[in-house]
Protein chains: 4
Amino acid sequence: LNVAIKNGRVRAPTHIVSTICDDRGEEPTYAGVPMSTIIEKGYGVGDVISLLWFKRSLPSYCTKFIEMCIMLCADHGPCVSGAHNTIVTSRAGKDLVSCLVSGLLTIGPRFGGAIDDAARYFKEAYDKGLSPDAFVESMKKRGIRVPGIGHRIKSRDNRDKRVELLQKYARTHFPSVRYMEYAVTVENYTLSKAANLVLNVDGCIGSLFLDLLASCSLFTQQEIDEIVDIGYLNGLFVLARSIGLIGHTFDQKRLKQPLYRHPWEDVLYTKAVKMRIEYAGDLYILK
Amino acid sequence: LNVAIKNGRVRAPTHIVSTICDDRGEEPTYAGVPMSTIIEKGYGVGDVISLLWFKRSLPSYCTKFIEMCIMLCADHGPCVSGAHNTIVTSRAGKDLVSCLVSGLLTIGPRFGGAIDDAARYFKEAYDKGLSPDAFVESMKKRGIRVPGIGHRIKSRDNRDKRVELLQKYARTHFPSVRYMEYAVTVENYTLSKAANLVLNVDGCIGSLFLDLLASCSLFTQQEIDEIVDIGYLNGLFVLARSIGLIGHTFDQKRLKQPLYRHPWEDVLYTKAVKMRIEYAGDLYILK
Amino acid sequence: LNVAIKNGRVRAPTHIVSTICDDRGEEPTYAGVPMSTIIEKGYGVGDVISLLWFKRSLPSYCTKFIEMCIMLCADHGPCVSGAHNTIVTSRAGKDLVSCLVSGLLTIGPRFGGAIDDAARYFKEAYDKGLSPDAFVESMKKRGIRVPGIGHRIKSRDNRDKRVELLQKYARTHFPSVRYMEYAVTVENYTLSKAANLVLNVDGCIGSLFLDLLASCSLFTQQEIDEIVDIGYLNGLFVLARSIGLIGHTFDQKRLKQPLYRHPWEDVLYTKAVKMRIEYAGDLYILK
Amino acid sequence: LNVAIKNGRVRAPTHIVSTICDDRGEEPTYAGVPMSTIIEKGYGVGDVISLLWFKRSLPSYCTKFIEMCIMLCADHGPCVSGAHNTIVTSRAGKDLVSCLVSGLLTIGPRFGGAIDDAARYFKEAYDKGLSPDAFVESMKKRGIRVPGIGHRIKSRDNRDKRVELLQKYARTHFPSVRYMEYAVTVENYTLSKAANLVLNVDGCIGSLFLDLLASCSLFTQQEIDEIVDIGYLNGLFVLARSIGLIGHTFDQKRLKQPLYRHPWEDVLYTKAVKMRIEYAGDLYILK
Ligand SMILES: CC(C)(COP(=O)(O)OP(=O)(O)OC[C@H]1O[C@@H](n2cnc3c(N)ncnc32)[C@H](O)[C@@H]1OP(=O)(O)O)[C@@H](O)C(=O)NCCC(=O)NCCS
Ligand SMILES: CC(C)(COP(=O)(O)OP(=O)(O)OC[C@H]1O[C@@H](n2cnc3c(N)ncnc32)[C@H](O)[C@@H]1OP(=O)(O)O)[C@@H](O)C(=O)NCCC(=O)NCCS
Ligand SMILES: CC(C)(COP(=O)(O)OP(=O)(O)OC[C@H]1O[C@@H](n2cnc3c(N)ncnc32)[C@H](O)[C@@H]1OP(=O)(O)O)[C@@H](O)C(=O)NCCC(=O)NCCS
Ligand SMILES: CC(C)(COP(=O)(O)OP(=O)(O)OC[C@H]1O[C@@H](n2cnc3c(N)ncnc32)[C@H](O)[C@@H]1OP(=O)(O)O)[C@@H](O)C(=O)NCCC(=O)NCCS
């Protein structure tokens, strides 16, 4: 048999450190709060997220807001990258986890990932006291599109309902919404450039989360920076969209859909591409 | 140009069918319910899950139960397979989605996957009218451990708090808990065999979900079979544990943990294994 | 600091057992063979696979055959599930590993997974001495399509080149190809039923791998059963197709393709599906 | 019915563009080369990689080098992040793809990902004509460790065998190894600082790949930049290590290992961490 691991070692280090959940006692605790307290006090999903992600209880206007974000981002139809990959995997007959995961892996800079970036840039601009036009123009100079601004379909006269619902909630319940109001002034400026440069749902959640963190006075400045830096808000989108992706998996299995094969006619097989033109959302290729 | 595709085609097939979420109109709808209704009516996360997974609104005692399951399964410490893999991936410096996914992929037959199996076997046994001892003995003959029964640490005199909380809730709010009561009679029988053969949290959720589906009278028998067959309850665990896995990812990043390397001393390098003995949760190997 | 883990424990178990690669010495060894030997002896990729998967050196006609399988299965165009999901993920701007993985997760029962099943069924039938027609008819009775038989496009008069190439190689270099010849007699029988029920590439690799294992006389009967049971051949397909999936990832990045969104017109949004008809590879839905 | 789609459309856009593999004809082609040519000409795995990744046939000293890299990186024992996660997932009873994928997801900046970075920095420094000491010192000023330099165990007097094997091969077969020689002069400089700051296997492969690309005169300067930029070399490591990860999956299944649970004693459960000390590869925590 294998001999003793570390005989006589008096003070050994551990290999893993963990601070969010303790499963050793009578009942598991989330950031020190026991399971039974969570149930008995009538906590909700938003509270559990607060405990496990932020390691503290947040006031109910915050946890309610977190739950709203999850509900509003839970799904956005079968056409987006995430749902599409999940559908394809489900139709390949794979198990639920594989289907979910195949879709989740598309979440990133171009799909769902703009919330954190919106928070980062709005925070930096607001904290520095940049005027909206100075901010937008400096971004333009850097060649970066303002994350959280712009929508393919929505526009000045056809606002995104989800944005309106979140703004209304926050204006009513948050002690302060200055980051969001700043984002709105940015939107006003970009709208003067083009009608579709509205504050989108990513920008709205991103800026409002800054307000949440700043206004509840439970976080130090350093902690807020860390949260924005690590990218917690992406976690919100990822968790929310998991509901939809799991739903799409079930949906395809219920519908007994066969293996998906992309139609040959929709693929341009080529050896070399000379020029690529995007026009009205479609892709034209010159060979 | 692109319009060509649909012109003139009278009844063309589509390549994808989807029934849970429509994103084409003014605002996305979940199973026909528009976003704004969801917010205005004060729906919660459990309601959104009902709409996207079950394609109908469930009564609030059901959606509350769904939320309780999510809260209770959200995390179970850093030592279980899922959290462990997530921690290792986070310490390898990978992005949130990769960390989450690496952990999710361990969920299956041995970790977290017993809920569906518990539901399947309890349903079959109860519906057939098998007595608890006939059920348990028939499983034994088939060489299958009753899923949902047994715990490494918990026992008759040291019950799992989560099980008690769920049972209490269901007994108070469910119109009927006959599947769960059946599971309890099974537990009584297995407890007569060994003190640790308690109804565990998987068995409790599995049986109570059967009660939820059967007692709300919104599902046909065929739909219930399909739900149990496809394995919706696994989805519940997967979604719940995602909260914890995301939490562990953030935790490791906050703690700035370095790359994990499993200690050499804890590995038995061998060319051939003659015998493997498990004893008290540890593994002994004869070479 | 954390106190000593297991003071005074004389004979402790290890938590992990591993038998394929030892990285503790001067240089890593694969199944006991040091790195430098591998290079100096001019080993190839097939030899390394033999060492790490089968824990022994196989004769060169075997390792060459393994390499041929990898080359022939390396890619099969952008339309199949795996490549498609990888392409979608790459176009979402994700890193290489995420793209590869998103595609790999579609490999399973319906895509790429038939090799192991073909091996399983052909082995069982041949070892039992079932005649081809008895085998095919018994499968029909069980309601299972013979895995490894049938192709959407190829047929009696339009054979799959890959199958011919593998058969030719094996007939020339293998000491015995009795499993493959058995598969061919099965094909003769199914071809009498329909012209497209040819031995496909999965069936060909599956049966030939049985020949490889049986004819090299380096495996006990029990080891062969274990290999077929665990599903090693799936590993061959997974590894091979990784080359293609990585290639597709690079391809999309080179082409700077934008975020993929499945076209709305190609989706049937519906609340309920009454009937589903598959015809000529397309899907028709009656609402 | 379905024909409607393409009729009458003069120049329609496609939604997907692909350039590496055409599966529409008699037999699939890789970058224009048909399957049968690949087999008949006795191509190897390295040739297929050349075709699918680089879209051209490379001379045999290049494809042989690619195969050597794959063989040398195929595995590095069960303790590293990738193998560890794969082992944990395999022991959770999951399918091969899930096990492989769970391990692959740890590959990135800290594990396996240094090859591309090494290539990037060595290329930049060499092309700019920076002297080794100027390069190392400028990196130090930027606070970046030179990727490809340094090893936990290996040192001046205990070289990494894999590095020596690759260098020997390249010096014999490559027309020019100037990037690698540059890396060696950098190593000489860093070795004067500390004995363990050797050129490691990542640095060796990274610099030699630059030599491969530059010396075979089949790539334009722009193409080389693109390859280094996109990160092809990471693909090499990912593909290679897949062999090992699949091997570890099989190994655990063969050994019938039970569910892994990380030992409680090896985890520091804490609410807050004051200070973290790494010493001799172990982690000490002050609470
Ligand atoms: C939505 C979006 C694609 C719309 O793009 P579009 O209408 O096709 O716009 P175009 O690319 O044609 O750009 C039109 C002009 O608007 C500008 N513009 C577009 N998006 C901008 C933004 N977010 N911030 C500032 N300017 C923007 C462009 O620079 C361009 O200006 P120019 O004419 O002076 O060069 C684009 O706004 C965007 O990428 N926004 C950020 C997206 C985001 O937050 N996404 C979250 C996804 S989950
Ligand atoms: C938890 C568990 C591992 C405890 O096992 P254990 O205490 O080590 O039990 P042992 O394996 O030593 O078995 C002791 C006896 O109890 C029996 N037993 C153990 N679990 C049983 C079960 N679930 N149903 C019926 N009998 C069971 C064994 O068959 C054995 O009987 P025997 O002595 O007549 O052969 C085991 O009960 C189990 O696997 N339960 C199901 C697990 C489940 O639901 N898991 C969810 C995980 S997320
Ligand atoms: C390729 C395939 C889809 C072709 O199917 P198809 O031409 O549409 O055939 P149909 O489903 O219309 O079936 C036509 C008849 O052939 C039979 N048939 C189809 N595939 C069969 C098989 N593999 N074995 C035996 N009979 C088969 C059907 O049962 C049916 O018989 P019936 O008319 O008596 O009911 C089918 O053969 C198949 O699934 N083969 C196995 C696939 C496999 O190995 N795939 C690997 C993919 S990586
Ligand atoms: C391998 C490694 C961890 C060894 O680190 P270590 O021996 O613990 O070294 P330390 O962190 O104690 O550093 C000792 C000194 O060497 C320097 N150093 C370490 N690695 C260096 C590198 N790669 N380049 C330049 N200087 C380096 C440190 O800056 C430090 O200098 P200082 O004393 O002047 O501050 C480290 O060299 C490294 O990270 N190398 C890059 C790793 C790489 O290519 N990895 C591939 C992994 S797949």
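Two strands are taken to pair if DSSP finds at least two bridges between them, and in this predicted model that criterion applies to strand 2 of chain C and strand 3 (residues 29-30) of chain C, which are joined by 2 bridges and run antiparallel. Within this pairing, C:Cys21 stands opposite C:Tyr30 of strand 3. The two strands belong to an open sheet of chain C in which 3 strands follow the order 2-3-4 with antiparallel pairing. The edges of the sheet are formed by strand 2 (21-22) and strand 4 (33-34) of chain C, each of which pairs on one side only. In general, the strands of a sheet pair through backbone hydrogen bonds, in either a parallel or an antiparallel manner.

The surroundings of ligand 1 were examined next. The ligand is surrounded by 14 residues, of which the closest are A:Arg145, A:Val146, A:Ile149, A:Asn196 and A:Asp202. By residue class, this shell divides into 4 nonpolar, 6 polar and 4 charged residues. Polar atoms of the protein approach the ligand at several points: a polar side-chain atom of A:Asn196 lies 2.6 Å from an oxygen atom of ligand 1, a polar side-chain atom of A:Asn200 lies 3.0 Å from an oxygen atom of the ligand, and a polar backbone atom of A:Ile149 is found 2.8 Å from a nitrogen atom of ligand 1. Of the 890 Å² of accessible area that ligand 1 has on its own, the protein covers 56%.

Aromatic contacts were then considered. A search of the whole structure finds 56 aromatic pairs over all chains. In chain B, the ring centres of B:Tyr169 and B:Phe174 are 6.5 Å apart and the ring planes stand at 85°, so this pair is classed as edge-to-face; both B:Tyr169 and B:Phe174 are buried. In chain C, the rings of C:Phe135 and C:Tyr182 have centres 6.3 Å apart and planes at 40°, so the pair is tilted. This second pair links distant parts of the chain, since C:Phe135 lies in helix 7 (residues 132-142) of chain C and C:Tyr182 in helix 9 (residues 178-191) of chain C, 47 residues apart. With a relative accessibility of 2%, C:Phe135 counts as buried, and C:Tyr182, at 8% relative accessibility, likewise counts as buried.

Aromatic residues are also grouped beyond individual pairs, in that A:Trp53, A:Phe54, A:Tyr61, A:Phe65, A:Tyr169, A:Phe174, A:Phe209, A:Phe219, A:Tyr232 and B:Phe250 form one aromatic cluster.

How values were computed
Residues numbered from 1 in each chain as written. Chains lettered and ligands numbered in written order. Predicted model: local features only at pLDDT ≥ 70, side-chain atom pairs only at ≥ 80, totals over all residues. Heavy atoms only, no water. Near = heavy atom within 4 Å. Polar contact = N/O pair within 3.5 Å; in protein donor to acceptor, adjacent residues only side chain to side chain. Areas by Shrake-Rupley, 256 points an atom, 1.4 Å probe, with all protein chains shown as cover. Nonpolar A, V, L, I, M, F, W, Y, C, P; charged D, E, K, R; others polar. Helix = DSSP H or I, 4+ residues; strand = E, 2+ residues; numbered from the N terminus. Phe/Tyr/Trp six-rings, centres within 6.5 Å; stacked < 30°, edge-to-face > 60°. Buried < 20%, exposed > 50% of the residue type's maximum accessible area, 1.4 Å probe, protein only.
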